[in-house]
Amino acid sequence: MGNSVTNIGGVLSAVTGTIAYTDSSAVTIGTVPANAQIVDINIDVTTAFDAATTNTITVGKSGSAAAFVASTSIGSAGRASVATTGVYSAWADVGSYDVPVTATYSQTGTAATAGAARVTIVYRSPAP
């Protein structure tokens with residue numbers, strides 16, 4: 001009939017990890033399975049990062065630190081917005097292999113003495 005709806009299937013899952021001001025290199029948040037679709041990325045700053053000039057985070061993968069979220073300000077506690085920094089075209093399908101997702105903290109000016117965030121990647125697994 002004309003009102004039938006196709007079930008595209010899939011299950012929503014999430015991986016969550018933390019990053020702190022002391023992390024000087026990329027931190028692996030978790031692995032998103034092959035052919036999954038990222039539906040949301042949340043960066044929850046639990047303790048404001050306090051480097052003197054800039055405090056930013058990127059979310060990506062090996063070889064591309066900002067593949068999923070470009071430089072996003074994390075100088076204040078609360079949920080950081082990825083509305084303008086999300087690389088949404090890369091969220092549609094992570095590709096044909098499992099992807100370890102990373103978060104990278106960057107700072108400029110006087111070094112930070114505080115800062116912590118929780119990064120969550122929500123994704124839809126492909127239908128079986």
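Begin with the charged pairs: the count comes to 2 salt bridges, where a salt bridge is a side-chain nitrogen of Lys or Arg within 4 Å of a carboxyl oxygen of Asp or Glu. The model is predicted, so local features need pLDDT of at least 70 and side-chain atom pairs count only at pLDDT 80 or more, whereas totals for chains, interfaces and linings use all residues. Residues are numbered from 1 along each chain as its sequence is written, and side-chain values use heavy atoms, with hydrogens and water left out.

Select Asp44, Arg79 and Arg118, which are linked in a network of salt bridges. Arginine 79 pairs with aspartate 44, their closest N and O atoms lying 2.7 Å apart. Arginine 79 belongs to strand β6 (residues 78–80) and aspartate 44 to strand β3, so this pair ties together parts 35 residues apart in sequence; strands are DSSP runs (E, at least two residues), numbered from the N terminus.

Next, keep aspartate 44 and turn to arginine 118, where the closest N and O atoms of the salt bridge are 3.8 Å apart.

Colouring by relative accessible area (buried under 20%, exposed over 50%, partly exposed in between; 1.4 Å probe, protein chains only) shows arginine 79 exposed at 55%, arginine 118 partly exposed at 35% and aspartate 44 buried at 12%.

Finally, select isoleucine 41, which, not counting residues up to four places away in sequence, touches Val59, Phe68, Val69, Val82, Trp91, Val119, Thr120 and Ile121, contact meaning heavy atoms within 4.5 Å.

Key
Helix = DSSP H or I, 4+ residues; strand = E, 2+ residues; numbered from the N terminus.
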